Amino acid sequence: MQKIVIQVHNMGSDKSRSKAMKIAAVCQGVESVAVEGESKDQLVVTGDGVDSVCLTNQIRKKFPGASIISVEDVKKEQEPQNEEPSFTTYHHQYDYYRPPPYYPSCYVYDSYPNSSFFF
């Protein structure tokens, strides 16, 4: 992980700052881009495998006079890992039972009970 600080002259307006940040953000390996400095004229780019010279040349196409101030390696902060996994238990307020299955029934009634058919 690298932290690259590039000083960009002529970055006085918000529009020009956003243009410089867009140029830096599309470069390969960039994870974050920020604007720092007293007059907000420094781009701080962090990422893995970022070519600082190529990045600066891309910024110089729109902003002549951009220069690299520093390039330093930064280690990622590792989160402390818990050895014991955490389990969540859920308690239901009511115990629901499953209703019995519904079997549709069909009844056939003979409307003429005393009638007979001859075959």
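Student: How are helices and strands assigned and numbered here?

Tutor: Helices and strands are DSSP runs, numbered from the N terminus. Keep in mind that this is a predicted model. Now take Asn10. Its place is the loop between β1 (2-7) and α1 (14-25).

Student: What is the phi of Asn10?

Tutor: Start with the general idea. Most residues other than glycine have a negative phi. Asn10 is not a glycine, yet its phi is positive, about 65 degrees.

Student: Is Asn10 buried or exposed?

Tutor: Asn10 is exposed, at 61% relative accessible area.

Student: Where does Lys40 lie, and what is its phi?

Tutor: Lys40 sits in the loop between β2 (30-36) and β3 (42-47). Its phi is positive too, near 55 degrees, and Lys40 is a residue other than glycine. Lys40 counts as partly exposed, with 46% relative accessibility.

Student: Let's go inside. Which residues of the largest nonpolar core touch the most other members?

Tutor: A core is a set of buried nonpolar residues joined through side-chain atoms. The largest one here has 17 residues. Ile6, Val8, Leu43, Val45, Leu55, Ile59 and Phe63 touch the most other members.

Student: Which elements supply at least two residues of this core?

Tutor: β1, α1, β2, β3 and α2 (52-62) each do. The most comes from α1, with 3 residues.

Student: What is Ile6 in contact with, beyond its neighbours within four places in sequence?

Tutor: Its contacts include Leu43, Leu55 and Ile59. Those three are also among the core members that touch the most others. Further along the chain, Ile6 is in contact with Ala66, Ser67, Ile68 and Ile69, among others.

Student: Which residues make the nonpolar surface patch?

Tutor: Val53, Ile68 and Val71 make a patch of about 230 Å². To join a patch, a residue needs over 30% relative accessible area. Val71 has 43% and counts as partly exposed. Val71 belongs to strand β4 (residues 67-73).

Student: How many disulfides does the structure hold?

Tutor: It holds 0. Cys27 is in no disulfide, and the nearest cysteine sulfur, that of Cys54, is 5.8 Å away.

Student: How many salt bridges does a search of the whole structure find?

Tutor: The search finds 1. It pairs Arg17 with Asp14, and their closest N and O atoms are 2.6 Å apart. That is inside the 4 Å limit for such a pair.

Student: How many residues apart are Arg17 and Asp14 in helix α1?

Tutor: They are 3 residues apart, so about one helical turn separates them.

Student: What about Ser16: where is it found, and what is it in contact with?

Tutor: Ser16 is found in helix α1. Ser16 is buried, at 11% relative accessible area. Leaving aside neighbours within four places in sequence, its contacts are Asn10, Met11 and Phe63.

How values were computed:
Residues are numbered from 1 along each chain as its sequence is written. This is a predicted model: local features need pLDDT of at least 70, side-chain atom pairs count only at pLDDT 80 or more; totals for chains, interfaces and linings use all residues. Side-chain values use heavy atoms; hydrogens and water are left out. Helices (H or I, at least four residues) and strands (E, at least two) are DSSP runs, numbered from the N terminus. Buried means under 20% relative accessible area, exposed over 50%, partly exposed in between (1.4 Å probe, protein chains only). A nonpolar core is a set of buried Ala, Val, Leu, Ile, Met, Phe, Trp, Tyr and Cys residues joined through side-chain atoms within 4.5 Å. Contact means heavy atoms within 4.5 Å. Patches are made of residues with over 30% relative accessible area and no salt bridge: like charges are joined within 9 Å, nonpolar side chains (Val, Leu, Ile, Met, Phe, Trp, Tyr) within 5 Å. Accessible areas come from the Shrake-Rupley method with a 1.4 Å probe; for residues, only the protein chains shown count as cover. A salt bridge is a side-chain nitrogen of Lys or Arg within 4 Å of a carboxyl oxygen of Asp or Glu. A disulfide is a pair of cysteine sulfur atoms within 2.5 Å.
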